[in-house]
Amino acid sequence: TENVSLSPNLLSDDIALALDGDTLRLAWVDQDAQGLAFDTFFATRDPDGTLSEPARFTDDTQNDWAWFPSITPNGACVWSLGQSPTNGVLWFADGAAPFALFDGLERGGNPVLAGNADHLAYVAATSPGTIVYSRRE
């Protein structure tokens, strides 16, 4: 076993995995150094067993609580950001600067990506919660 997150004395949570051939992609949320927020991180495990250093999807902290990342085999990732795991802004990253999906106007939780990040499902922040599906053309 190996410590992938390398975050001493801080909480790591909400793990997601995807395989790209023999390369494993990992995504998770890590508590920031001040203990006030959670950011979304990623790492890879190459076929030879080498783990990459953890890296944040964003250049700096988002100063909020990230929840439930979902990562695809090509490394695209989606997560929910806000004080509630079921009522956050959905964020997306695919190698470029992350951005809020739906202009940050639609809120939800537990997002899941599939394919080459062209399929998205999440729980809408409605009462009762409903499953929403979106396909990128």
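Me: Leaving aside its neighbours within four places in sequence, which residues is Phe57 in contact with?
Reply: This is a predicted model. In it, Phe57 is in contact with Ala27, Thr40, Phe41, Phe42, Ile71, Gly75, Cys77, Trp79, Ala93 and Pro98, with neighbours within four places in sequence left out.

Me: And which residues make up the largest nonpolar core?
Reply: That core has 12 residues: Ala16, Ala18, Ala27, Val29, Phe38, Phe57, Ala66, Ile71, Cys77, Trp79, Leu81 and Ala93.

Me: Which elements give two or more residues to this core?
Reply: They are β1 (12–20), β2 (23–31), β5 (66–71) and β6 (77–81). The largest share, 3 residues, comes from β6. Another core, of 9 residues, lies apart from this one and includes Val78, Phe92, Leu113 and Tyr122.

Me: Turning to the sheet of 4 strands, what is the strand order?
Reply: The order is β1-β2-β3-β4 in an open sheet, and the pairing is antiparallel. The edge strands, β1 and β4 (55–56), each pair on one side only.

Me: How many bridges join β2 to β3?
Reply: There are 8 bridges between β2 and β3 (residues 38–45), and the two strands run antiparallel. Leu24 stands opposite Arg45 in β3.

Me: New topic: where does Asn110 lie?
Reply: Asn110 is in strand β9 (residues 107–114).

Me: Why is Asn110 classed as partly exposed?
Reply: Because its relative accessible area is 36%, between the 20% limit for buried and the 50% limit for exposed.

Me: What does Asn110 touch, not counting residues up to four places away in sequence?
Reply: Asn110 touches Phe68, Pro85, Ala121, Tyr122 and Val123. Pro85 is 25 residues from Asn110 in sequence, with 7.2 Å from C-alpha to C-alpha.

Terms used:
Residues numbered from 1 in each chain as written. Predicted model: local features only at pLDDT ≥ 70, side-chain atom pairs only at ≥ 80, totals over all residues. Heavy atoms only, no water. Core = buried A, V, L, I, M, F, W, Y, C linked by side-chain atoms within 4.5 Å. Buried < 20%, exposed > 50% of the residue type's maximum accessible area, 1.4 Å probe, protein only. Contact = heavy atoms within 4.5 Å. Pairing = 2+ DSSP bridges.
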